[in-house]
Amino acid sequence: MATMSKTHRVKTTHGSKRLVLLSILALAALLFLLFSSGGSGRKTLVDYFSRSSRVKRQHSLWDKYLYWGDRVDCPGKNCESCAGLGHQESSLRCALEEAMFLNRTFVMPSRMCINPIHNKKSVVNGSDNESWEVSSCAMESLYDVDLISEKIPVILDDSETWHIVLSTGMKLKERGIAHVSGVSRCELNDSSHYANLLLINRTASPLAWFVECKDRINRRNVMLPYSFLPSMAAPRLRNAAEKIKAQLGDYDAIHVRRGDKLKTRKDRFRVERTQFPHLDRDTRPEFIMRRIQKQIPPGRTLYIGSNERTPGFFSPLAARYKVVYSSNFSEILDPVIENNYQLFMVERLIMMGAKTFFKTFREYETDLTLTDDPKKNKNWEIPVYTMDQDKN
């Protein structure tokens, strides 16, 4: 027969009553900050998360945020100038990696600056040197923020969510926002002080954001591959790439980096030098044909993406291949492309879909490349223009 034991009452002490009272008062103060509008008519975090339509990723009251700046590589030496898309992507990927490491939502700049050097129209087979008259573009015109958020939660710094987070952080004072400089991601992760803050306002390296990830030489520390952001292209850019790939059918591709990489300067003996001694030679049509002929047989459709400015520069390759460029798909691209960064985003997707793809420089050991020159070279060497010079 089951029996019911008597309930033992625990005698409440004066100290425990005081502790409970303090806890209740602290909770009430926090709720007041979250629910009050401050008399200004502004929404609070609770208002926003309870009333807004959550078609996209749902941001909860318990999310914590990481902010690196209102522009990629800014603050820093690149604030006055503007790096190319590749450098900015390296920096953006570094910031996203830190948000992923800290399990925080990354506050992404809503716009990306565009370097005029990399914003020329009519690439490869154009007849002029026109440029798109834009100095920046919306980040959402380049990337699918919702798709990125499936891996790392992201909000834009012009969003209502961000303004609510800032307002709430200021109300919480020292428990809301920390301005951090010269602290590693491991220190941020291990410190209980930083872990409980709503927002970490991070000042990255003044050189460039990606300097914070210099240990990416140690591959075990790399959380996001180089292909991550290219595969996160905005929906209309992905759609354009898919349409072009469908028209191309079975094809191969080469990416030929010339233009900005062919810079030379003279040493104190007036001898011309360059950082990539074989690049000018290796990216000329006759040398490209020699390099790719074993992997890409004659008669194949060959898509060429390049920043070469000389009209008809790659025409000799048409003797062996069915050569196509982005300009062959103007009916698809013209309604979509507003700057050269968007065009390169589309071209990367096209080249990633090729049966055989040759890059200009090697990034991974398995890459097929047009040159053996390293992608990063601090030395300035005498250029080599022929095979005989190379032997000598």
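1. Overall, the secondary structure of the chain comes to 13 helices and 14 strands.

2. A word on what you're looking at. This is a predicted model, where local features need pLDDT of at least 70 and side-chain atom pairs count only at pLDDT 80 or more, while totals for chains, interfaces and linings use all residues. Residues are numbered from 1 along each chain as its sequence is written, and side-chain values use heavy atoms, with hydrogens and water left out.

3. Now, cover. Buried means under 20% relative accessible area, exposed means over 50%, and partly exposed is in between (1.4 Å probe, protein chains only). Of the 392 residues in the chain, 45% are buried. The chain exposes about 22000 Å², and carbon and sulfur atoms supply 53% of that. Accessible areas come from the Shrake-Rupley method with a 1.4 Å probe; for residues, only the protein chains shown count as cover.

4. Back to Ile382. With a relative accessibility of 46%, Ile382 counts as partly exposed. Together with Phe269 and Val271, Ile382 makes a nonpolar surface patch of about 280 Å². Patches are made of residues with over 30% relative accessible area and no salt bridge; like charges are joined within 9 Å, and nonpolar side chains (Val, Leu, Ile, Met, Phe, Trp, Tyr) within 5 Å.

5. What about the inside? In soluble globular proteins, nonpolar side chains tend to be buried together. A nonpolar core here is a set of buried Ala, Val, Leu, Ile, Met, Phe, Trp, Tyr and Cys residues joined through side-chain atoms within 4.5 Å. The largest one has 61 residues, and those with the most contacts inside it include Leu92, Met108 and Tyr303.

6. Which residues does Met108 touch, not counting residues up to four places away in sequence? They are Leu92, Leu96, Met139, Ile148, Val154, Ile155, Leu156 and Asp157. Contact means heavy atoms within 4.5 Å. Across the chain, residues 24 or more positions apart account for 72% of the contacts with a separation of 6 or more.

7. Thr301 sits in strand E11 (residues 301-306) and is buried, with a relative accessible area of 15%. Leaving aside neighbours within four places in sequence, Thr301 is in contact with Leu248, Asp250, Tyr251, Asp252, Lys322 and Val324. Asp252 also turns up in another pairing: its C-alpha atom and that of Met352 are separated by 9.6 Å, although these residues are 100 apart along the chain. Met352 lies in helix H12 (residues 340-352) and is partly exposed at 46% relative accessibility.

8. Next, helix H3. It has 18 residues and reaches 26 Å from its first C-alpha to its last, close to the 26 Å expected at 1.5 Å a residue; the expected span is 1.5 Å times one less than the number of residues. Is H3 mostly covered or uncovered? It is mostly covered, as 13 of its 18 residues are buried. H3 is followed by Asn103, whose phi is positive, near 60 degrees, although Asn103 is not a glycine. Asn103 is exposed, with a relative accessible area of 70%.

9. Arg270 also has a positive phi, near 65 degrees, and is a residue other than glycine. You'll find Arg270 in the loop between strand E9 (264-266) and strand E10 (272-274), exposed at 62% relative accessibility.

10. Finally, charges. Side chains of opposite charge can pair when their charged atoms come close. A salt bridge is a side-chain nitrogen of Lys or Arg within 4 Å of a carboxyl oxygen of Asp or Glu, and the whole structure has 20 of them. One joins Arg273 to Asp267 (2.8 Å, N to O). Another links Asp282 with Arg281, with the closest N and O atoms 2.9 Å apart, and both residues are buried. Glu97, Glu98, Arg185, Arg202 and Glu212 are linked in a network of salt bridges.

How values were computed:
Helix = DSSP H or I, 4+ residues; strand = E, 2+ residues; numbered from the N terminus.
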